[in-house]
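Let's walk through this structure together, one step at a time.

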Amino acid sequence: MMLEIKDVKKRFEDHMVLDGISLDVNKGDVVAILGPSGSGKTTFLRCLNFLERADSGQMFFEGTRYDLNTAKKSEITALRRKTAFVFQSYNLFLNKNVLDNVMLGLTLGSKIRKQDAREIAVEALRKVGMAERLTSYPSQLSGGQQQRVAIARGLALRPDIIFFDEPTSALDPELIGEVLSVMRQLAEEGMTMLVVTHEMEFARNVSNKVLFMENGHVVESGPSHDFFNHPASSRSLEFVNSLSNFA
Ligand SMILES: Nc1ncnc2c1ncn2[C@@H]1O[C@H](COP(=O)(O)OP(=O)(O)OP(=O)(O)O)[C@@H](O)[C@H]1O
Ligand SMILES: [Mg+2]
């Protein structure tokens with residue numbers, strides 16, 4: 001097991017947002033995290049990377065134990081070296097070009113040689129089909145292109161796992177496909193990914209596991225094939241049907 005997440009709890013004031021979420025992730029898994037708005041998906045991902053402090057919960061990642069409530073800064077730094085996070089909003093530096101945006105994560109606080117960082121960055125940009133746009137600025141790119149640069153920025157760090165929080169939901173419909181196809185390619189190459197998404201075709205065809213949440217609880221968790229073809233609960237079935245109609 002690459003990542004074992006146990007019983008994550010988080011409340012905002014009197015609102016229990018995560019009420020005991022657990023998940024097992026093997027190397028190469030693509031986990032689609034599904035659920036209605038407000039079910040806690042973003043909060044869950046943020047707790048795993050300590051962008052948010054859980055009230056309680058454990059995580060075992062590549063043999064190391066992390067307490068999601070009490071982990072120290074040094075532990076968090078070590079964890080973040082092996083993980084990458086891709087947000088709905090790309091969070092690129094607008095005053096830096098594509099190459100610099102991707103190189104920045106490599107050179108900041110690291111002794112890597114500039115030339116080496118450049119090579120790694122260009123390779124990551126090639127992977128997402130953006131190697132021709134090294135000197136463009138974010139404002140000169142479409143949303144889909146900006147998100148692909150953001151993915152390259154994560155890839156350049158050579159993470160063992162990538163967390164995506166609705167990476168395509170800010171995009172115009174015609175730009176969604178190019179980002180999903182980059183993600184599909186990463187999945188095919190064996191990258192381990194946790195993906196919060198409303199893209200049911202992606203969840204159905206690319207993910208191998210589903211975590212379906214509602215009101216801070218896990219409704220169903222297991223192989224994607226089972227979730228989509230014979231969901232275990234009537235709530236899952238209702239959710240799958242509502243989304244199929246939507247698409
Ligand atoms: N910083 C915060 N302070 C108070 N409440 C919060 C905070 N962040 C999230 N919440 C609440 O926690 C609940 C879960 O939010 P979260 O963003 O995790 O949901 P989500 O499943 O990602 O929803 P969506 O699909 O809309 O992105 C919501 O009711 C939200 O209002
Ligand atoms: Mg969210």
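Let's begin at the ligand. Ligand 1 has 13 residues around it, and Ser 37, Gly 38, Lys 41, Thr 42 and Thr 43 come nearest; a residue is near a molecule if one of its heavy atoms lies within 4 Å of it. This is a predicted model, in which local features need pLDDT of at least 70 and side-chain atom pairs count only at pLDDT 80 or more, while totals for chains, interfaces and linings use all residues. Residues are numbered from 1 along each chain as its sequence is written, chains are lettered from A and ligands numbered from 1 in the order in which they are written, and side-chain values use heavy atoms, with hydrogens and water left out.

Now look at the polar contacts of the ligand (pairs of N or O atoms within 3.5 Å). The side chain of Ser 37 has an N or O atom 2.6 Å from an oxygen atom of ligand 1. For Thr 42, a polar side-chain atom is 2.8 Å from an oxygen atom of the ligand, and for Thr 43 the distance from such an atom to a ligand oxygen is 2.6 Å.

Next, turn to the helices, which are DSSP runs of H or I with at least four residues, numbered from the N terminus. Two packed helices are described by the angle between their axes and the distance between the axes. Axes are lines fitted to C-alpha atoms over the stretch in contact, and angles run from 0 to 180 degrees between N-to-C directions.

Find H3 (residues 98–107) and H5 (residues 143–156): their axes are 8 Å apart, at an angle of about 30 degrees. H3 and H5 are therefore roughly parallel to each other, a label for angles under 35 degrees. In their contact (heavy atoms within 4.5 Å), Val 98, Asn 101, Val 102 and Leu 106 of H3 meet Val 149, Ala 152, Arg 153 and Ala 156 of H5.

Helix H4 (residues 114–127) also packs against H5, at about 135 degrees and with the axes 8 Å apart. On the H4 side, the contact is made by Ile 120, Ala 124, Leu 125 and Lys 127, and on the H5 side by Val 149, Ala 152, Leu 155 and Ala 156.

How do H3 and H4 meet, and at what angle do they cross? Their axes come within 9 Å and cross at roughly 120 degrees, so H3 and H4 are oblique to each other.

Notes:
Helices (H or I, at least four residues) and strands (E, at least two) are DSSP runs, numbered from the N terminus. Angles under 35 degrees count as roughly parallel, over 145 as roughly antiparallel, 65 to 115 as roughly perpendicular and the rest as oblique. A polar contact is a pair of N or O atoms within 3.5 Å; within protein, one must be able to donate a hydrogen and the other to accept it, and residues adjacent in sequence count only if both atoms are side-chain atoms.
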